Amino acid sequence: MKTDANPLKSDVADLLNRIGRATHCLQFVSGLNPAQWDALRYLARANQYSRSPTALAEFLGTTKGTVSQTIRALENKGYVRRDRHRADGRSVTLEVTPAGTALLEFDPIRQIEEAAAKLPGETGAAMVEGLNSLMAELQSRYGTRVFGACERCGHLKDSASGTDSFRCGLNGDSLTSIDKSRICVKFRASR
């Protein structure tokens with residue numbers, strides 16, 4: 001009989017599944033379902049290049065049809081609006097409305113954040129590192145797009161104009177400190 005070299009792997013999978021279920025259940029509040037909360041949360045954190053229906057579908061790991069229904073529900077509730085893209089009038093950019101921003105103040109995921117805040121610093125840091133590695137492995141294994149903040153992106157460049165100024169090396173656009181913290185669909189992990 002072969003013994004498992006890593007007996008913790010089933011514990012990790014079981015705990016992630018249970019935490020996922022608990023998180024899912026928390027999000028049936030304020031007239032939204034978990035998919036709508038996920039979409040609203042993503043759109044509030046995404047940069048201007050990443051607030052399209054296609055990017056949202058890729059981030060959520062779902063179909064464009066499912067995302068279209070989610071967007072429509074959020075629009076009907078007044079939390080999201082579609083704007084024509086500035087450069088390409090055929091495509092749309094999704095924007096969180098002031099009502100959507102106000103609702104995010106009561107995001108049920110904050111209950112998870114509050115519980116995580118009680119972890120000792122070294123435990124929380126190790127969990128983040130481990131979960132990031134796990135997510136990267138799954139994304140690599142299944143060929144899904146990697147999303148991340150500009151501040152950790154390989155495309156981020158120092159701007160010649162100042163010491164605290166940055167730009168996107170992919171498109172040359174200047175980035176503010178707020179832009180740097182946003183999620184990007186064109187993210188490339190730093191080496």
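**Exercise 1. Find in which helix Leu 16 lies, and describe the nonpolar surface patch that includes Leu 16.**

Leu 16 lies in helix H1; helices are DSSP runs (H or I, at least four residues), numbered from the N terminus. The model is predicted: local features need pLDDT of at least 70 and side-chain atom pairs pLDDT 80 or more, while totals for chains, interfaces and linings use all residues. Residues are numbered from 1 along each chain as its sequence is written, and side-chain values use heavy atoms, leaving out hydrogens and water.

Step 1. Patch residues have over 30% relative accessible area (Shrake-Rupley, 1.4 Å probe) and no salt bridge, and nonpolar side chains (Val, Leu, Ile, Met, Phe, Trp, Tyr) are joined within 5 Å.

Step 2. Helix H1 (8-26) and helix H7 (121-142) each supply at least two residues. The largest share, 3 residues, comes from H1.

**Exercise 2. Describe how H2 and H3 each meet H4.**

Step 1. The axes (lines fitted to C-alpha atoms over the stretch in contact) of H2 (residues 34-45) and H4 (residues 64-76) come within 10 Å and cross at roughly 80 degrees. That makes H2 roughly perpendicular to H4, a term for angles of 65 to 115 degrees.

Step 2. In this contact (heavy atoms within 4.5 Å), H2 uses Ala 35, Gln 36, Ala 39 and Leu 40, and H4 uses Thr 70, Ala 73 and Leu 74.

Step 3. H3 (residues 53-60) packs on H4 at about 110 degrees, with axes 9 Å apart. H3 is therefore also roughly perpendicular to H4.

Step 4. From H3, Pro 53, Thr 54, Leu 56, Ala 57 and Leu 60 meet Lys 64, Val 67 and Ile 71 of H4.

**Exercise 3. Which parts does the salt bridge of Arg 41 and Asp 107 tie together?**

Step 1. The two side chains meet at 2.7 Å, N to O; a salt bridge needs a Lys or Arg side-chain nitrogen within 4 Å of an Asp or Glu carboxyl oxygen.

Step 2. Arg 41 lies in H2 and Asp 107 in the loop between H5 (98-104) and H6 (110-117), so the pair ties together parts 66 residues apart in sequence.

How values were computed: Axes are lines fitted to C-alpha atoms, for helices over the stretch in contact, and angles run from 0 to 180 degrees between N-to-C directions. Angles under 35 degrees count as roughly parallel, over 145 as roughly antiparallel, 65 to 115 as roughly perpendicular and the rest as oblique. Patches are made of residues with over 30% relative accessible area and no salt bridge: like charges are joined within 9 Å, nonpolar side chains (Val, Leu, Ile, Met, Phe, Trp, Tyr) within 5 Å.
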